Number of protein chains: 4
Amino acid sequence: MAVLNWGMIGGGEGSQIGPAHRLGARVDGLFDFVAGALDHRPEAGRDYGRRLGLAADRSYGDWREMLEGERARADRVDLVTVATPNATHFEITRAFLKEGFHVLCEKPMTMTVEEGEEIVALARETGRICAVNYGYTGYSLVRHMRAMVARGDLGRVRMVVAEFAHGHHADAADADNPRVRWRYDPAQAGISAQFADCGIHALHMASFVIGQQVERLAADTVSCLPSRVLEDDAQVNLRFDGGAAGRLWTSSIAIGRQHGLTLQVFGEKGGLRWAQEQPNQLYWMPLGERLQVIERGEAGLSPEADRSSRVTIGHAEGMPLAFANIYKDLAEVIAARKAGRTPDPAADLFPRAEDGLRSMAAVHAVAASGKAQGVWLDARPPMFR
Amino acid sequence: MAVLNWGMIGGGEGSQIGPAHRLGARVDGLFDFVAGALDHRPEAGRDYGRRLGLAADRSYGDWREMLEGERARADRVDLVTVATPNATHFEITRAFLKEGFHVLCEKPMTMTVEEGEEIVALARETGRICAVNYGYTGYSLVRHMRAMVARGDLGRVRMVVAEFAHGHHADAADADNPRVRWRYDPAQAGISAQFADCGIHALHMASFVIGQQVERLAADTVSCLPSRVLEDDAQVNLRFDGGAAGRLWTSSIAIGRQHGLTLQVFGEKGGLRWAQEQPNQLYWMPLGERLQVIERGEAGLSPEADRSSRVTIGHAEGMPLAFANIYKDLAEVIAARKAGRTPDPAADLFPRAEDGLRSMAAVHAVAASGKAQGVWLDARPPMFR
Amino acid sequence: MAVLNWGMIGGGEGSQIGPAHRLGARVDGLFDFVAGALDHRPEAGRDYGRRLGLAADRSYGDWREMLEGERARADRVDLVTVATPNATHFEITRAFLKEGFHVLCEKPMTMTVEEGEEIVALARETGRICAVNYGYTGYSLVRHMRAMVARGDLGRVRMVVAEFAHGHHADAADADNPRVRWRYDPAQAGISAQFADCGIHALHMASFVIGQQVERLAADTVSCLPSRVLEDDAQVNLRFDGGAAGRLWTSSIAIGRQHGLTLQVFGEKGGLRWAQEQPNQLYWMPLGERLQVIERGEAGLSPEADRSSRVTIGHAEGMPLAFANIYKDLAEVIAARKAGRTPDPAADLFPRAEDGLRSMAAVHAVAASGKAQGVWLDARPPMFR
Amino acid sequence: MAVLNWGMIGGGEGSQIGPAHRLGARVDGLFDFVAGALDHRPEAGRDYGRRLGLAADRSYGDWREMLEGERARADRVDLVTVATPNATHFEITRAFLKEGFHVLCEKPMTMTVEEGEEIVALARETGRICAVNYGYTGYSLVRHMRAMVARGDLGRVRMVVAEFAHGHHADAADADNPRVRWRYDPAQAGISAQFADCGIHALHMASFVIGQQVERLAADTVSCLPSRVLEDDAQVNLRFDGGAAGRLWTSSIAIGRQHGLTLQVFGEKGGLRWAQEQPNQLYWMPLGERLQVIERGEAGLSPEADRSSRVTIGHAEGMPLAFANIYKDLAEVIAARKAGRTPDPAADLFPRAEDGLRSMAAVHAVAASGKAQGVWLDARPPMFR
């Protein structure tokens, strides 16, 4: 497979997200990092890009300069990753889609539902890919859960129980820590803190696995630290369009939990349990039988699981390679388009603009329900109602 | 300590609860089983009692006969356990309390809140003990959690997360299984199935550990099996009178979970996690430190934990001995009363009529909230408002 | 079933083993505690026995007095438990067997192989039961492992891997702690410390489960604390009479391990893993399939497992009830003898004098091999060669 | 840091080891893959190399051609990875070292101890790096264990217990499976099967962590499948040059274990436990305190741990990135040499020719001791005695 050209906006020196994306794009050798506008300070960005090996004329000072520079080139980037501050995702993503680039946008894709709908419409209109980076669905066994549900191993899904609970914002002394404080301040973070930050990963994973989208929800949002305006703990009850019900708990004050993204799916014919912190084992009980342990890399898993797995059974794979699977998917789909062939269906699993939009609608519904004593609200974006 | 006289109503041949109580009462040698009315069929009960070693004149044909027989005796039973069908608990408990007996009543203590209030009032008036059998709070490490909260190890409790989720009623083929079916039939089970059966254990444990009572709740109740009228899955959001918030999930369709009673408590200064299926370890993370494992039986635990523990560290203790701790508590408190001394405060932990009443009020609130789209309702019994 | 009469020698006030035996004998209501010689100080023993409810004439001052008193009675004890200091086990056990009593002897049954052979011969000659208290084989799932091997689920057993490693003697400061020190002093403890104390539990369990006896062994014994003469850590390689090989590691300096009795059995057709600290789950992988979790109390287990289990699935059972299963077995076998019927074969699992003897021979072989650079030695008692 | 030039010998199309090395070398962007001789069939190798992006003139037909081609170039490869069949490692590694290349050799470095000594001598003489790929020591928490021991957290190390037990060769039907069969055939595999394949990883890790080298050992080797000449299960007792003792068990018939590389280290002041299958948690009990969980990525770990960790706490990292840490180390040390600066000491942790030699000597000692009834043998290479 020919190596694709890849560029990045944001992810400058010292950021966490920049190295993660570069690792994800690089690890399978499917993308060459050839262009970037890495910093909001033009000179710092150009310099850092050159130090990372970009050619001088493709290490840009800002995203507009990059858009100008790349759209004219025959060897222009096949994919642009947008990893800038949240408030700028919409504008940049829109601009690159309009010029015909495929985009991988960090979450949240937009700040409002309306913007999300515009991106979805634009992606459909231009026929460009707009992927959104819910990287946790890249895990091999998460994809296997999806395949198991899709092929009917569980029968009808009755209930999905998702959690994303950690304790990293539990210290009251962090009230003045700027790295934590902004997250709970509506002026900087918008209408939701913990649900928007973590809860939507759990919700997206639930939808991804059961193949259903949330229709209605009711939320109980709590600020456990009195100094906070936005919620640091939320319980959300869910109803999906395929008939499943759901419970989702997310918290940032759950001292003792490091990460706490877990998913349980209960169907007519069996139950599944998976946890992000031990991602190489999946617990499966077929109705009336014993609990059994499905291992990443074991023989006979689904094509979706196999394609997302790199080493043999018993050797843990972790988050960086799950993340890399989003890039691996994109490489396959983009390369297939360029070659005029059908992509491997097991690759066509990356989250899309529609997912980014749905998350935004869910965030709004959670915030509104939380303020209104847990009333049930429509969680769908207007364009999908 | 002198051995106390103990009697039992219900728990006849073939029942599960009978042997459990007899084991619990016998294991520490604190009670002699001397009287019983074990079966609703008088002859069967008398015969079974004699075979279990009761004297012929104290193996009664029914509870009224037993009440008559015992109240006249100088060596009358010090404690009566009521383990009859649910609908009879109130009448029997009331009758024995009135005659001055101490009672341990199986849960639910009554079928209505009003009856529960009557029992509470009667226990207070007569000065008799009316214990209710929430046996899971007998575990040594559950009692240690309570002690840790009470002495301030966690600081203010912010959030308690309780679960009691199993998968034993997940088989649609059980729709016609009489052992399962009645539980979801309002004519036989009342207003709630899974919450009333399992959820109240989790709620009682949460209250017991954090030392706060639920004030308000909002419930989402679901019947995952379409054939069921009553709920087989419920999510309940909680507010406690000491300021804590809570989440409680209970389910009987969670295939892959055997028992699934777990408790997490998050405070200002640390977090706790405990699970009934591995009851000898308690996970504790003090804020800013590492997760650590507290072992049942380790040196330096609270008096409450030590008193409820029988073997050395590393040797699992299980449910039967947790249950026995309720009897051990009762023996100490009853013996202390008889001797005119103060009981060991570490023994004074058994659940009481007030707890049975609160559970009943919570069941009603959950059922009502579940029907009313999850509206928040007062969960307190009227007499405690 | 008629209640049997039970007596105890040793287990006086303040001992750990006394309450454990009394709980084990009492928990199922199969034995009445009617006689005892509980302390080496006659008056203290008599007084304590009376306080525990013994009749004055059956609370004896020493074991000889008890032997005299009981042998004359029509209602003499059906079973005598010997829980005195190790060096006295042989003499007391021998005396009671000779007078026709059934005996349950604490481990080690004797101090020498010769004494062990004498007890075995005496038990055979008198037709009395001489049980030895390896209580860990009382666990329901340990018995299920044995049943699985016996019925061929694993095919031929190839390898058994046993551990009993804890860290409770790891503190060099305990060199002067009298509760620890004597264990490593040949003058008080004999020829072996950690293997004799813990290793033989693991070895007995291995033999019990695979239904084979050790023939030869080679040991590496180490004193990790330089102040110790006897070993605090030993690795023993094993060959069994049915063709299996084995590895056994035992240690008392393994800081971080609380108890650490585990067993793995690998056969042609599958592998098993069990750990005493989580005794209610058994991990089983049939060749070519997935690891699955066998739960104590699940439907369809072996009769041996079912008979040794008291509460429903998902409710942990622990060490005290495993221990009680030895008493439950003995009650059934003794009652069957008295009634002239065949005992339940699922009850006939308690360890016997032969097991006590084999352990003693293994202790001697380990000590001798350890001194001789790990040479392979015959581990069988002479009478079984 | 300037990107280094990297080349590979072996790892052709369809191999497992080729992609693993390319991923490891690529993931941090520290090496450019610029040259290779990937297949023993010259044309297949050249073709595959070109498809992987090598320039035509650097996609060589065999290793000799590559040696010729590269030694003449100014931009010659900075590091050559040798991932050819085992019997060729020595010759190729020697040839490249002689020409002044740094080499990363797959294990086993050589087939004999003599060859191993020659490589060690050559590496010392030329001043070139000869690394050997024991990739499991690349895990962040394995390196943290080493740092904890080195800085004295455990005090003197008393005992190290290592395991590498899996069940992937347990099926007797595999006697004719060529992918398994050769491993137990002395004609193809040499003098040892399971110890040489897996055991040496566990032994190297033990040495790496405790900072001591094995001096003497005694082995019990068993062929559980009767059709096998070489061992599929071995227990090795160890004595290290710093005074520690050790136990090492390795097996390929342990059905139910997927990988089973674990390490426990017990010192005067605490104990450690780590398992390759859950590599992001390290269990640590300081003497007299509670067991605690050290998480990869937590604040305050050693520089060695931090340098080998890429994502934040709670996000699992797995084997591919552990493996990549060997490349990351090499990049730092090679780059430092080129720049004439001191390398980061936390990078200087990759296994070296000396380690490859020691493993070979241990393999010979295990095989010889196993044949000689477990006699203790010197496990050191002659040049280190």
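**Chain contacts and symmetry in a predicted model**

Tutor: Of the interface residues of chain A, 100% are interface residues in chain C as well, so the two copies meet through the same surface. This is a predicted model, in which local features need pLDDT of at least 70 and side-chain atom pairs count only at pLDDT 80 or more, while totals for chains, interfaces and linings use all residues. Residues are numbered from 1 along each chain as its sequence is written, and chains are lettered from A and ligands numbered from 1 in the order in which they are written.

Student: How many residues of chain A are in contact with chain C?

Tutor: Five residues of chain A are in contact with five residues of chain C (contact: C-beta atoms, placed from the backbone, within 7 Å). On the chain A side these are three nonpolar, one polar and one charged residues (nonpolar: Ala, Val, Leu, Ile, Met, Phe, Trp, Tyr, Cys and Pro; charged: Asp, Glu, Lys and Arg; polar: the others, Gly among them).

Student: What makes β13 of chain A and β13 of chain C a strand pair?

Tutor: Strands pair if DSSP finds at least two bridges between them (a strand is a DSSP run of E, at least two residues; a helix is a run of H or I, at least four; both are numbered from the N terminus). Three bridges join the two β13 strands, residues 291–295 in each chain, so they count as a pair, and they run antiparallel. Within it, Val293(A) stands opposite Leu291(C).

Student: Why are chains A and C said to be related as by a two-fold rotation axis?

Tutor: A rotation of 180° with 0.0 Å of shift along its axis superposes chain A on chain C, at RMSD 0.0 Å (least squares on C-alpha atoms of residues with pLDDT of at least 70 in both). The copies are thus related as by a two-fold axis. Gln292(A) comes closest to that axis among the residues of chain A, at 2.1 Å (C-alpha).

Student: How many residues of chain B touch chain A, and which strand supplies the largest share?

Tutor: 36 residues of chain B are in contact with 36 residues of chain A. The largest share of the chain B side, four residues, comes from β9(B). By class, that side has 18 nonpolar, eleven polar and seven charged residues.

Student: Where does UniProt place the "Gfo/Idh/MocA-like oxidoreductase N-terminal" domain in chain A?

Tutor: The unreviewed UniProt entry places this domain at residues 5–134 (positions follow the numbering used here, feature names are shortened, and annotations may be inferred rather than shown by experiment). That span of chain A is 41% helix and 19% strand, with end C-alpha atoms 22 Å apart.
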